[in-house]
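Hello! Here is the structure I promised to pass on to you. Please open it alongside this email, and my notes on it follow below.

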Amino acid sequence: MKKYKSVTAFGPATVANVGCGYDIMGFAIQGPGDEVTVSLNENNATSLVELSGPYGHLIPGAREKNTASVAINCFLQTLGRSELNLRISLVKNMPLGSGMGSSASSSAAAVFAANELLGNPMSTMEIIPFAMEGERIACGAAHADNVAPSLLGGFVLIRSYNPLDIIEVKCPEDLFCAVVHPQLELHTADARRVLKMEITMGNAIKHSANTAGFMVALMKGEYALLSRSMQDLLAEPRRTQLIPGFDPIKENALKEGALGCGISGSGPSLFALCQGEKTAQHVARTIQQGFEAHGLQSETFVSALNAPGCSIINSIEV
Ligand code: HSE
């Protein structure tokens, strides 16, 4: 077995909720993400997480507040290796409060790198709960719908939180996603605060019917069913007030060929599922123009749904 002095992992961005799966569905997207380097540094302990990248100056370096170090600390504690002095460097490429799983990219990459550094004592599935602890620090809720797809890649369903039961779902190859991130910061904790904590029986029935319909559609590649099922009765009705132009932008995206469109994670990014990459690119531009009409610049991303999860991008052997 190889022995490493240092390992760098990449954690991809993610789209959580996916319309009808509040807190229980998410998928990885190809392109954006954070990088974390974890090194064995027994003689020269650093108490802070080293931060760099375009957004590094905006996040805390203190170990008890940083999502990357919190995830690693929980991992080491469970392994009974808390005595290890790991040096942690985070390249923060993802904007904060974007709705693209920024904090999850950091905590997923961190625990993935630490696991590799220590010779993979756990499987990728087993390290998800540690990355979830990073989410708890970031927004007050240890939700898994960003960290699980960031770690595993592809589309995941969280069937249960207690006990954790995560299911990987293979998507049709021609299913693509457009994600558009407007220049606006919306913190998950704030976007969770606007939600209602109760749901009527009628809406619970509609919601579970849509979720079930969506999963069947994904697995069978039935796009008409996928379109019909992409209805968010839980988060979207309360959160659209936080996103300028949401209703007309969504309407246009659907008119221009999106199968479904909604808020990516807790927003303000929007996402649209589309058949084919070309349609996704067209819909991404449509959404971007919609934001522009509301005075917001934005960046666009287009990705297949079966995108890879965390990966090791560099390592130095002892
Ligand atoms: N399920 C979470 C929420 C995702 O909507 O609050 C946050 O990215």
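Strands here are DSSP runs of E with at least two residues, helices are DSSP runs of H or I with at least four residues, and both are numbered from the N terminus. Two strands pair if DSSP finds at least two bridges between them. As background, the strands of a sheet pair through backbone hydrogen bonds, in either a parallel or an antiparallel way.

Before you go on, please note that this is a predicted model: local features need pLDDT of at least 70, side-chain atom pairs count only at pLDDT 80 or more, and totals for chains, interfaces and linings use all residues. Residues are numbered from 1 along each chain as its sequence is written, and side-chain values use heavy atoms, with hydrogens and water left out.

Back to β2. Strand β1 (residues 4–16) pairs with β2 over 10 bridges, in the antiparallel sense, and Ala9 stands opposite Val36 there. Strand β4 (residues 86–91) also runs antiparallel to β2, joined to it by 6 bridges; Leu40 faces Leu86 of β4. Because 12 of the 16 residues of β2 (residues 25–40) are buried, β2 is largely enclosed by the rest of the structure. Buried means under 20% relative accessible area, exposed means over 50%, and partly exposed is in between (1.4 Å probe, protein chains only).

Next, please find helix α1 (residues 67–79). Its 13 residues reach 19 Å from the first C-alpha to the last, close to the 18 Å expected at 1.5 Å a residue (the expected span is 1.5 Å times one less than the number of residues). Among the buried residues of α1 are Val70, Ile72, Phe75 and Leu76. What do the buried residues of α1 pack against? They pack against β2, β4, α2 (102–117) and α3 (124–139), where contact means heavy atoms within 4.5 Å. At the N-terminal end, Asn66 caps α1, with a side-chain oxygen 2.8 Å from the backbone nitrogen of Ala68. Just after α1, Gly80 takes a positive phi of about 70°.

There is also a ligand to look at. The residues around the ligand include Asn17, Tyr22, Asp145, Asn146 and Arg239, each with a heavy atom within 4 Å of it. The side chain of Asn17 has an N or O atom 2.8 Å from an oxygen atom of the ligand, and the side chain of Asp145 has one 2.6 Å from a nitrogen atom of the ligand. A polar contact is a pair of N or O atoms within 3.5 Å; within protein, one must be able to donate a hydrogen and the other to accept it, and residues adjacent in sequence count only if both atoms are side-chain atoms.

Is Asn146 buried or exposed? Asn146 is buried, with a relative accessible area of 6%. Its side chain also makes a polar contact with the side chain of Thr14 (2.9 Å).

Happy exploring!
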